[in-house]
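Colleague: I have a structure to look at and some questions about it. Can we go through them together?

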Amino acid sequence: MSLLPKSLSMELPQSGPRSQRLLFVGHFGAKGDGISDDTKHLTTQKFEAHGLVGIRFQLNQILTKSGFCKLMSHDIGFEDCGAAMALKHAWGVACSSPSRIVLEIPAGNTSLIHPIDFSGPCISKVTLRISGTIVAPKDPSVWDTLNPRKWLYFNGVNHLTIEGHGLIDGNGQEWWDSSCKINQTNPCRPAPTAITFHSCKNLKVKNLMVVNSQQMHLAFTSCLRVDVSNLRVIAPAYSPNTDGIHISASRGVQLKDNIVRTGDDCISIVNNSSRIWIRNTICGPGHGISIGSLGKSNSSSHVHDILVDGALLSNTENGVRIKTWQGGSGFAANVRFQNILMDNVSNPVIVDQYYCDSWTPCANQTLAVKVKNISFVHIKGTSATEEAVRFACSDDLPCEQLYLEDIQLVSSSGEMSKSFCWQAHGFSQGLVNPSPCFSYSTSLLEQKISPNPVASF
């Protein structure tokens, strides 16, 4: 006997094998009140207790035969059976379907979601549509026996799309209050990233709001071909380590039309990432758009072929920045920042090879991450600091092939802005204010890099 009532069965149009199925997860046995744990009712034992071990097979049968599936607790009687069907089991159904699935969390519901892994690979393409609200537990003790760095964790999922106009809320206030960056007497401990994508390929994330993460908001690690657009990522300026979008060991990443206002880097790019294109970003408050930090604890990093094209930075602690630790190795190369407007930004243009995020001074070391072939073009606005351009480069591995063109940065106070150079080799062209301070060691012809480091993107 079909699980679907007649009224629902009549709504389901027939379709061919290429059609996209829609799976409304909604409550799916969960309360959706933002208080009850909507992930804890996911064990096989609970399904066995209600004689519903075969439910996954039955749902797959429905999905195979139906072109458009609405599966909600009140539609198919899960509540009548006494079963709790929530997000992780719905993911299992979607991921194992041979047809393309849209898994939707509906509008008007707030779901309390404990730490959860969404694992792949999936048989077919999956879309997770978040139209409602997902909130994390407020109490950090929930993570006491779990990986403290994960909340919503997508691992090894290819051809995944996450979209919708919903809200993902990390409920990070208690994590921030206990941070050693807020109170030095607190122990320094890891905190969750709200959404992590690890080893995902052909990924799209769009049209979401992500707020108040425990630490980083979105992280892409070891991913390939990623498209992120129309996100709003927001946390208070005082929230520690709440990077907006963090990219690590990933290639072929496009970020466009995003608004990021957090307590740390709006966008950070680290550890062996390349072919990154960032377009039309609004950033601030926060720490700006950063490559790095690179080379911490004598590690090796290679970051190259980065284009930041079009950004408004407002009231940020830094503008566009490259930051490396002493003692590291590798390189940051072929980077272009262009078409950027600064509004009362401290350190609008900065390369810092003496970065030290520590309560105690960092030891001087001779090894360094090489910084080479970096361009700053069409950057205008106001600096909150007298020093608007700063290139503090390594004694042993000076910065090479730095390039400035059409730079107009004036002090917010009305005083003359200044530039600072240490072991910085490069050239400028056109109007540059403040005046450049390079050591001119290469010809202009050799200096100018490709107008688009990711032209082959």
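Predicted model: local features only at pLDDT ≥ 70, side-chain atom pairs only at ≥ 80, totals over all residues.

Colleague: Where is L312 found?

Modeller: L312 is in strand β22, which covers residues 300-314.

Colleague: Now the inside. What about T196, buried or exposed?

Modeller: T196 has 8% relative accessibility, so T196 counts as buried. It belongs to strand β11, residues 193-198.

Colleague: Which residues is T196 in contact with, leaving aside its neighbours within four places in sequence?

Modeller: Those are L152, Y153, F154, A219 and T221.

Colleague: Which residues lie nearest the centre of the largest cavity?

Modeller: I130, F154, I162, I168 and I195 do. They are part of a lining of 16 residues. Strands come into it too: β6, β8 and β11 each supply at least two residues of that lining. F154 is also one of the contacts of T196.

Colleague: What about pockets? What volume does the second largest pocket have?

Modeller: About 330 Å³. It is lined by 21 residues, and H159, T161, N202, L203 and K204 are the closest to its centre.

Colleague: Which elements give two or more residues to that lining?

Modeller: β6, β9, β12, β15 and β18 do. Strand β6 also supplies residues to the lining of the largest cavity.

Colleague: Let's talk charges. How many salt bridges does the structure hold?

Modeller: Eleven. Side chains of opposite charge can pair when their charged atoms come close. Take K181 and D357: their side chains meet at 3.0 Å, N to O. The two residues are 176 residues apart, so to speak, in distant parts of the chain.

Colleague: Where does each one sit?

Modeller: K181 is in the loop between α7 and β11. D357 is in the loop between β25 and β26. K181 is partly exposed at 36% relative accessibility, and D357 is partly exposed at 39%.

Colleague: What about D265 and R321?

Modeller: Their side chains also meet in a salt bridge, at 3.0 Å, N to O. This pair links distant parts of the chain, 56 residues apart. D265 is in the loop between β18 and β19, and R321 is in strand β23.

Colleague: Is D265 buried or exposed?

Modeller: D265 is buried, because its relative accessible area is 2%. R321 is buried as well, with 8%.

Colleague: One more pair. What do E386 and K418 do?

Modeller: The side chains of E386 and K418 meet in a salt bridge at 3.2 Å, N to O. E386 lies in the loop between β26 and β27 and K418 in strand β29, so the pair ties together parts 32 residues apart in sequence. E386 is partly exposed at 41%, and K418 is partly exposed at 45%.

Colleague: Which residues do salt bridges with shared partners join into one network?

Modeller: E104, R129, E163 and K206.

Technical notes: Residues numbered from 1 in each chain as written. Heavy atoms only, no water. Helix = DSSP H or I, 4+ residues; strand = E, 2+ residues; numbered from the N terminus. Buried < 20%, exposed > 50% of the residue type's maximum accessible area, 1.4 Å probe, protein only. Contact = heavy atoms within 4.5 Å. 1 Å grid on protein atoms, 1.4 Å probe; cavity = no way out; pocket = protein on both sides within 12 Å on 5 of 7 lines; lining within 4 Å. Points joined across faces, edges and corners; volume = space filled by probe spheres on them. Salt bridge = Lys/Arg side-chain N within 4 Å of Asp/Glu carboxyl O.
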